[in-house]
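Let's take a walk through this structure, one stop at a time. Have the sequence and the 3D view open as you read.

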Amino acid sequence: MSRAQRLLDLIQLLRRHRRAVAGAVLAEELGVSLRTIYRDVETLKAQGAHIEGEAGLGYVLRPGFMLPPLMFSEEEIEALVLGSRWVSERADDLLGNAARNVLAKIGAVLPDDLKCGIETSGLLIGPGAPILARDGELAAIRQAIRSEHKLQVAYADEKGQATERTIWPIALAFYDSVRVLVGWCELRAGYRHFRIDRIARFDCTAERYPRRRARLLKEWHAVEGVPEQ
């Protein structure tokens with residue numbers, strides 16, 4: 001276990017105890033020596049942790065502290081790296097750039113031993129089929145989802161039949177080779193799924209749809225039997 005990981009585990013352990021906990025108990029739960037606990041407590045205090053108590057009496061962590069460089073465990077960092085790499089490769093350009101920026105910001109505040117995990121991670125994203133969608137449109141669709149505005153859409157189904165629809169956009173689903181817009185369709189009076197590459201034209205309107213997106217999304221999960229993420 002790296003020292004950074006050990007300090008994070010100590011913080012998390014202290015958070016679980018509302019009352020003072022003996023150093024010996026902390027040492028046993030973390031599998032380290034009592035001397036190490038004393039040293040790590042002093043290190044955390046020096047970095048701003050409001051830990052009360054002393055050797056022989058026990059320690060308690062007061063609320064409101066989170067050590068920025070130790071926000072993530074090694075597994076959490078690997079999850080962030082893998083997720084960011086997937087977004088960089090399989091989402092649109094704007095989201096891809098945002099994912100790389102997030103990873104760079106996280107790396108800037110991590111201690112050296114954890115930062116190395118970002119730079120040398122062995123979790124890779126394999127190549128996939130080209131995605132049939134126009135990246136420039138996704139940013140506008142995402143904005144409509146965030147602002148809860150209706151979309152006017154010219155759409156062709158799998159048989160090529162064209163329709164004009166008014167949609168309440170609530171989510172975007174990213175698959176390996178396609179992107180799908182989830183929304184309430186006024187034409188069909190129900191939830192429908194629209195492949196982005198089959199949208200011939202769309203316009204973001206100034207009209208907000210009448211229900212909150214969070215409620216619609218929850219309802220869609222229930223209607224379609226899709227587990228909430």
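Alanine 98 sits in helix α5, the stretch covering residues 93–109. Keep in mind as you look around that this is a predicted model. With a relative accessible area of 34%, alanine 98 counts as partly exposed, because that label covers values between the 20% limit for buried and the 50% limit for exposed. Now look for valine 87: alanine 98 is 11 residues away from valine 87 in sequence, and their C-alpha atoms are 8.9 Å apart in space.

Next, head for the charged surface. Glu74, Glu75, Glu76, Glu78, Asp112, Asp113 and Glu119 together make up a negative surface patch. Two helices, α4 (74–90) and α6 (112–119), each bring at least two residues to this negative patch. Which helix gives the most to the negative patch? That's α4, with 4 residues.

Pick out aspartate 112, one of the patch members. Aspartate 112 belongs to helix α6. Its relative accessible area is 62%, so aspartate 112 is exposed, the cut-off for that being over 50%.

For the last stop, find glutamate 137 in helix α7, which runs over residues 135–147. Is glutamate 137 buried or exposed? Glutamate 137 is buried, because its relative accessible area is 18% and buried means under 20%. Once you set aside its neighbours within four places in sequence, glutamate 137 is in contact with Ile196 and Phe202.

Methods: Residues numbered from 1 in each chain as written. Predicted model: local features only at pLDDT ≥ 70, side-chain atom pairs only at ≥ 80, totals over all residues. Heavy atoms only, no water. Buried < 20%, exposed > 50% of the residue type's maximum accessible area, 1.4 Å probe, protein only. Contact = heavy atoms within 4.5 Å. Patch = residues over 30% accessible without salt bridge, like charges linked within 9 Å, V, L, I, M, F, W, Y side chains within 5 Å. Areas by Shrake-Rupley, 256 points an atom, 1.4 Å probe, with all protein chains shown as cover. Salt bridge = Lys/Arg side-chain N within 4 Å of Asp/Glu carboxyl O. Lys, Arg positive; Asp, Glu negative; His and termini not counted. Charge placed at Lys NZ, Arg CZ, Asp CG, Glu CD.
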